[in-house]
Amino acid sequence: LIMWGANVPVTRTPDAHFMAEARYRGQKVVTVSPDYADNTKFADEWMSPHPGTDGALGMAMGHVVLKEFFLDRQVPRFVDYVKKYSDLPFLISLREKDGAWVPDKNLTAADLGDTSEGAQFKTVLVDSATGKPHVPNGSLGFRFNDAGKGKWNLDLEGVDPALSLFGAAGTETAEILLPRFDAEQDKNEGGAVHHRGVPVARLQTEGGERLVTTVYDLLLAQYGVGREGLPGEWPTGYDDPAPYTPAWQEEITGVPAETAARIGREFAQNAEDSGGRSMIILGAGTNHWFHSDTIYRTFL
């Protein structure tokens with residue numbers, strides 16, 4: 001259990017006894033807060049990032065989870081979960097901008113010539129068995145029309161979504177630009193970009209040929225989790241202070257890199273060992289900062 005921005009004994013008192021009882025039964029408790037809050041006395045470990053920097057800590061922990069539990073080895077439970085319950089297998093179009101490629105919109109059934117009702121809201125993935133685009137159940141295009149009756153569910157109907165295009169037949173690679181917010185481009189315009197690579201496929205659509213990749217491939221690129229053969233600039237390891245490594249977050253949050261990496265690893269390992277019994281209680285303690293929605297998304 002990670003209590004992150006939620007001071008349970010003080011602000012969620014109806015839940016406090018459940019937390020204490022679970023700890024008596026052996027649950028490990030980690031608290032994340034800049035101050036020695038009241039819930040920290042219940043914790044086995046305490047991470048104290050500088051106020052407002054929780055997003056950097058979360059990104060570094062996510063970097064470790066993606067590398068060790070999705071790339072170095074694939075945990076079946078995790079892979080099956082994200083294929084069914086997340087948008088990670090869905091295809092995203094890339095578009096040209098200033099001579100480079102950037103992520104654009106979801107590829108939809110309408111892009112593939114489907115003229116049925118709601119087709120522009122039916123997202124597309126790749127069937128790993130055939131290598132061809134497939135429109136699964138459950139996307140928004142099935143929700144508000146009669147043709148979608150019986151399809152407003154997550155039944156994959158035997159299709160195994162391809163999580164990544166990496167190494168698939170007929171694919172290539174492309175360098176893309178991703179937004180970076182920890183560096184200033186110049187004194188008049190904040191922000192810069194990451195130069196990262198993703199595997200891509202070329203699809204013939206109603207609007208002509210498009211370059212596409214998966215949300216999962218974009219996610220790895222954003223987190224700086226590299227794979228051999230992809231273009232761009234990548235961290236060389238956890239001790240490389242490039243976004244979004246444990247060493248990078250240490251300079252921002254003050255949390256030791258080794259601690260961030262270990263807690264992220266333990267959180268995922270426990271989820272694998274226990275069948276998913278790892279939890280973050282997130283709370284409004286981290287909601288006092290600009291762009292706090294992105295901090296919350298990092299925890300999720």
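In this predicted model, the side chain of Lys83 reaches the side chain of Asp160 in a polar contact of 2.8 Å. Lys83 belongs to helix 4, which covers residues 76-85. Is that lysine buried or exposed? With a relative accessibility of 15%, Lys83 counts as buried, because the cut-off for that class is under 20%. If you skip the neighbours within four places in sequence, Lys83 is in contact with Pro89, Leu156, Asp160, Pro161 and Leu163.

**Salt bridges**

Oppositely charged side chains can pair up when their charged atoms come close. The structure has 18 salt bridges, and here are three of them, with the accessibility of each partner.

| Pair | N to O distance | Relative accessibility |
|---|---|---|
| Arg12 and Asp15 | 2.9 Å | Arg12 32%, Asp15 29% |
| Arg23 and Asp44 | 3.3 Å | Arg23 32%, Asp44 41% |
| Arg95 and Asp104 | 3.1 Å | Arg95 37%, Asp104 36% |

Take Arg12 and Asp15: Arg12 is partly exposed, and Asp15 falls in the partly exposed class too. Arg23 and Asp44 form a salt bridge with their closest N and O atoms 3.3 Å apart. That pair links distant parts of the chain, with Arg23 sitting in helix 2 (residues 13-24) and Asp44 in the loop between strand 2 (30-32) and strand 3 (45-47), 21 residues apart. Arg23 is partly exposed, and so is Asp44.

Which residues make up a salt-bridge network? They are Lys28, Glu45, Glu258, Arg262 and Glu266.

**Around Asp104**

Asp104 is worth a stop of its own. Its place is strand 5, residues 100-106, and its side chain makes a polar contact of 3.1 Å with the side chain of Arg95.

What else does Asp104 touch? Leaving out residues up to four places away in sequence, Asp104 touches Ile92, Ser93, Leu94 and Arg95. For Leu94, the C-alpha atom is 5.1 Å from that of Asp104, although the two residues are ten apart along the chain.

**The second largest pocket**

Rolling a probe the size of a water molecule over the atoms shows where empty space is left. The second largest pocket comes out at a volume of about 350 Å³. Its lining is made of 15 residues, and those nearest its centre are Leu1, Gln27, Lys28, Asn270 and Arg277. Lys28 also turns up in the salt-bridge network.

Which element gives the largest share of that lining? Helix 7 (residues 257-274) does, with five residues. Sorted by class, the lining has seven nonpolar residues, five polar ones and three charged ones.

**Helix 5 and what follows**

Helix 5 (residues 215-223) is mostly covered, with seven of its nine residues buried. The buried ones are Val215, Tyr216, Asp217, Leu218, Leu220, Ala221 and Tyr223. After helix 5 comes Gly224, which has a positive phi near 75 degrees.

Further on, the peptide bond between Pro243 and Tyr244 is cis, with omega about 5 degrees. Tyr244 sits in the loop between helix 5 and helix 6 (246-253).

Now for backbone angles to check in your own viewer. Glu157 is not a glycine, yet its phi is positive, about 55 degrees. You'll find Glu157 in the loop between strand 7 (133-134) and strand 8 (172-184), and at 48% relative accessibility it counts as partly exposed.

His291 is another residue other than glycine with a positive phi, this one near 60 degrees. His291 lies in the loop between strand 11 (280-282) and helix 8 (292-299). Is His291 buried or exposed? His291 is exposed, because its relative accessible area of 61% is over the 50% cut-off.

Methods
Residues are numbered from 1 along each chain as its sequence is written. This is a predicted model: local features need pLDDT of at least 70, side-chain atom pairs count only at pLDDT 80 or more; totals for chains, interfaces and linings use all residues. Side-chain values use heavy atoms; hydrogens and water are left out. On a 1 Å grid over the protein atoms alone, a cavity is a set of points where a 1.4 Å probe fits but cannot get out, and a pocket is an open set with protein on both sides within 12 Å along at least five of seven lines; lining residues have an atom within 4 Å of a point. Grid points are joined across faces, edges and corners, and a volume is the space filled by probe spheres set on the points. Helices (H or I, at least four residues) and strands (E, at least two) are DSSP runs, numbered from the N terminus. Ala, Val, Leu, Ile, Met, Phe, Trp, Tyr, Cys and Pro count as nonpolar, Asp, Glu, Lys and Arg as charged, and the others, Gly among them, as polar. A salt bridge is a side-chain nitrogen of Lys or Arg within 4 Å of a carboxyl oxygen of Asp or Glu. Buried means under 20% relative accessible area, exposed over 50%, partly exposed in between (1.4 Å probe, protein chains only). A polar contact is a pair of N or O atoms within 3.5 Å; within protein, one must be able to donate a hydrogen and the other to accept it, and residues adjacent in sequence count only if both atoms are side-chain atoms. Contact means heavy atoms within 4.5 Å.
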